[in-house]
Amino acid sequence: MSTLSVQNVTYKYGAKTALDTVSFDLEQRRFCALLGPNGAGKSTLFSLLTGLLVASEGTIRVAGHDLAGEPRAALGKIGIVFQQQTIDLDMSVAQNLRYFAALQGLSGKTAQRNIDAALDRLAMRERASEKARSLNGGHRRRMEIARALIHDPEVLLLDEPTVGLDTASRQAITGHVHDLADSGLLVLWATHLVDEIRPEDDVVVLHKGHVLAHDTARAISGGRSLTDAFIAMTETPVPSL
Ligand SMILES: Nc1ncnc2c1ncn2[C@@H]1O[C@H](COP(=O)(O)OP(=O)(O)OP(=O)(O)O)[C@@H](O)[C@H]1O
């Protein structure tokens, strides 16, 4: 059984088809880049995976749970880091996480244990008492990733999580998230930046609502750089929508 299964998913904004019969299966303990240029459909797919939008056609299963039929069970297995920052700058790191834990129905010792574990996974425990406002952009992002792990999900979704960060912060975050995948999570990382992807990572190439390729970055590159392979692929005409 796949940890995340997307089968023949189609989504239309009115007459505009944003995703057209998109299918892929992903396993746990993998880092998968959802790679696509602007307008490819990445955000639309994330909105479907998190239940913000409902697919016109097709099925999504998370850890064996059908998103349409068992939304609570399916969504309970997902952690999400949105592209836009969603933290309270006037609260401390720990307060931000405690608030989120409460929303997840966690309290007391269980909440504290999960918060400590999540902060440890992002090397953020020593920052717990600091106000979020005092953190730089990279540490704020790490706090948001820790927050997405509090309820112990199996799938971690990140929507272009390094936008606006400097090179050192980007490298730190891509490193930490690869470590999370190595420790057992399935990571789906939406990006249009090929330098965030390692040769052994999975890549789903999305373009104009179609999956053009799904393989390891090394296989997709085929001896070229991933950048050259991506450009060649996304210049290839696909069925017009
Ligand atoms: N609310 C909307 N109404 C109509 N069309 C939309 C809407 N939102 C997105 N689209 C269209 O759907 C397609 C996919 O958009 P989407 O935002 O999912 O792509 P993306 O890969 O996330 O792009 P970006 O990297 O720019 O965020 C695009 O053609 C976009 O113009």
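The model is predicted: local features need pLDDT of at least 70, side-chain atom pairs count only at pLDDT 80 or more, and totals for chains, interfaces and linings use all residues. Residues are numbered from 1 along each chain as its sequence is written.

The chain is divided into domain 1 (1–77 + 153–241) and domain 2 (86–152), with bounds from an automatic or database domain assignment. Taken over C-alpha atoms, the centres of domain 1 and domain 2 are separated by 25 Å. Twelve residues from domain 1 and eleven residues from domain 2 take part in the contact, two residues being in contact if their C-beta atoms, placed from the backbone, lie within 7 Å. On the side of domain 1 that touches domain 2, helix α6 (residues 167–182) gives the most, with six residues. That side of domain 1 has eight nonpolar, four polar and no charged residues.

The largest nonpolar core holds 67 residues, of which C32, L34, V187, L188 and W189 touch the most other members. Domain 1 and domain 2 both give residues to this core, so it lies between them. Such a core is a set of buried Ala, Val, Leu, Ile, Met, Phe, Trp, Tyr and Cys residues joined through C-beta atoms within 7 Å. A residue is buried if 20 or more other C-beta atoms lie within 10 Å of its own, exposed if 12 or fewer, and partly exposed in between, with C-beta atoms placed from the backbone. Apart from neighbours within four places in sequence, V187 is in contact with F31, C32, L156, V177, L180 and A181.

In helix α8 (residues 226–235), the residues L226, A229 and F230 are buried. Viewed down the axis of α8, the buried residues fall within an arc of 100°, so they line one face of the helix; the arc is that of the directions from the helix axis to the C-beta atoms. These buried residues pack against β3 (30–35), β9 (202–207) and α7 (217–221). T227, A232 and E235, on the other side of α8, are exposed.

Most residues other than glycine have a negative phi. N8, which is not a glycine, has a positive phi of about 55°. N8 is found in strand β1 (residues 4–13) and is exposed, with 12 other C-beta atoms within 10 Å. R29 likewise has a positive phi, near 60°, and is placed in the loop between β2 and β3. R29 counts as partly exposed, with 13 C-beta neighbours inside 10 Å.

In helix α4 (residues 108–121) lies A111, which counts as partly exposed with 18 C-beta neighbours inside 10 Å. Not counting residues up to four places away in sequence, A111 touches R98, A101 and L106.

Definitions and conventions:
Helices (H or I, at least four residues) and strands (E, at least two) are DSSP runs, numbered from the N terminus. Ala, Val, Leu, Ile, Met, Phe, Trp, Tyr, Cys and Pro count as nonpolar, Asp, Glu, Lys and Arg as charged, and the others, Gly among them, as polar.
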